[in-house]
2 protein chains.
Amino acid sequence: MASASVRSTEILVRTSGKTSAFDHKLDAILGAAARVMAREGYGQSTIRKVAREADMSLAGLYHYFSSKEELLFLIQFHAFDTILSRLSERLEPVTDPRARLRVMVVNHLEHFLSRMNELKVCASEMETLTGDYHQRVRAHRQRYLKTALGIVESIGETAGTPGVEPWPATLFLFGMLNWIYMWYPAIEGTSAEEIADQVLVLFLHGYLPREG
Amino acid sequence: MASASVRSTEILVRTSGKTSAFDHKLDAILGAAARVMAREGYGQSTIRKVAREADMSLAGLYHYFSSKEELLFLIQFHAFDTILSRLSERLEPVTDPRARLRVMVVNHLEHFLSRMNELKVCASEMETLTGDYHQRVRAHRQRYLKTALGIVESIGETAGTPGVEPWPATLFLFGMLNWIYMWYPAIEGTSAEEIADQVLVLFLHGYLPREG
């Protein structure tokens, strides 16, 4: 069982962006687990409840992971992994710094607008993982933050001295994007593009210095 | 016991902003409870753990509330109640819309920077309460959002047509302010004023239209 679960984790770690039948099934399991954890909190969640939510047997689930903590790890790692691999694909052909920021914002919103439970589980349980699991999610999250920071910095460079330092500006941007799980239910159906437009007007006008 | 607990709730509801020995003790209990809930999640928290954290007897605690759900209600209600009553006091002498926004941002940050656990419990467990508890916290939260929205709207009015609608702008502002619990530990000690300066540069420049 331990080796089966190492398989999930290793496959996720090695095959960023590629999908297989195994991945599709795992995706459905992680979706069900995120629903349970977002609804009941990590502490109250059990693998039995996840099995019921995913309509699978306990034995079937244990083919994919071996503990509740590994499940939380898979949800968080998978979220950042998917976002990062799509982002690097989408950024590839884009060179203009503002266009790159838009790609990043839309990519982030597109991922989480249809996965509010995952966003909630990433936000609320960020410090729950321990040891190696914690380190690996943290490394991915840092890589993502660094990519975003790089884009924000490059916008500042092309436009003169910005009014806010790139680092807090980047954190404020993620605040605007992620706090959405508190109010998105009220505007469900609004597209990632539409929300991105509003975020980017506020962010870009705010971040860039005023001429004159 | 039920009547003792009704007392906490009623005192909180009736005496916004005023403090007494009872309130000070209750404040300490709510602080201990928020620490336990932020650390272990609401589901895993027990009144026994809160008693240990507050260094009080179980019987002593039950003088203040009668259930774990009432405790969560008291944490959330007390947070919004304190913020709202201080805000209305502080806004009283201020008429300039931008100065009013600054008062609101500093008031919000001052409250939560020293109470990160409360912020986490408000953010993660917003949908946990049920029935009357849920309604009362919701009503307070709506009152707060409406106050903030009113300030943001009045800034738009004095400055011409803003680039972002007041409602999403207000929600983005709260995103910037509240997401801080994810990264404040890394910059602990930074004052509410300093963070407010950065938030306000980004928000005001972003929200207000560019001249020319």
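**Helix packing and the chain contact**

Reply: Happy to! In this predicted model, the axes of helix α5 (residues 68-91) of chain B and helix α7 (residues 116-124) of chain B come within 10 Å and cross at roughly 110°.

Me: What does that make α5(B) and α7(B) relative to each other, roughly parallel or roughly perpendicular?

Reply: Angles of 65 to 115 degrees count as roughly perpendicular, so α5(B) and α7(B) are roughly perpendicular to each other.

Me: Nice. Which residues make the contact?

Reply: From α5(B) there are Ile75(B), Gln76(B) and Ala79(B), and α7(B) brings Glu118(B), Val121(B) and Cys122(B). By class, that contact has four nonpolar residues, one polar and one charged.

Me: OK, switching to the chains. How many residues does the contact take from chain A and from chain B?

Reply: Chain A gives 30 residues and chain B gives 30 residues. On the chain A side, α2 (21-44), α9 (166-178) and α10 (192-207) each supply at least two residues. The residues on that side divide into 17 nonpolar, 11 polar and two charged.

Me: And what rotation superposes chain A on chain B?

Reply: A rotation of 180°, with 0.0 Å of shift along its axis and an RMSD of 0.0 Å. The two copies are thus related as by a two-fold rotation axis.

Me: Which residue of chain A comes closest to the rotation axis?

Reply: That's Gly206(A), whose C-alpha is at 1.8 Å.

Me: Last one: why do we say the copies meet through the same surface?

Reply: Because 100% of the interface residues of chain A are also interface residues in chain B.

Conventions. Residues are numbered from 1 along each chain as its sequence is written. Chains are lettered from A and ligands numbered from 1 in the order in which they are written. This is a predicted model: local features need pLDDT of at least 70, side-chain atom pairs count only at pLDDT 80 or more; totals for chains, interfaces and linings use all residues. Two residues are in contact if their C-beta atoms, placed from the backbone, lie within 7 Å. Helices (H or I, at least four residues) and strands (E, at least two) are DSSP runs, numbered from the N terminus. Ala, Val, Leu, Ile, Met, Phe, Trp, Tyr, Cys and Pro count as nonpolar, Asp, Glu, Lys and Arg as charged, and the others, Gly among them, as polar. Axes are lines fitted to C-alpha atoms, for helices over the stretch in contact, and angles run from 0 to 180 degrees between N-to-C directions. Angles under 35 degrees count as roughly parallel, over 145 as roughly antiparallel, 65 to 115 as roughly perpendicular and the rest as oblique. Copies are superposed by least squares on the C-alpha atoms of residues with pLDDT of at least 70 in both.
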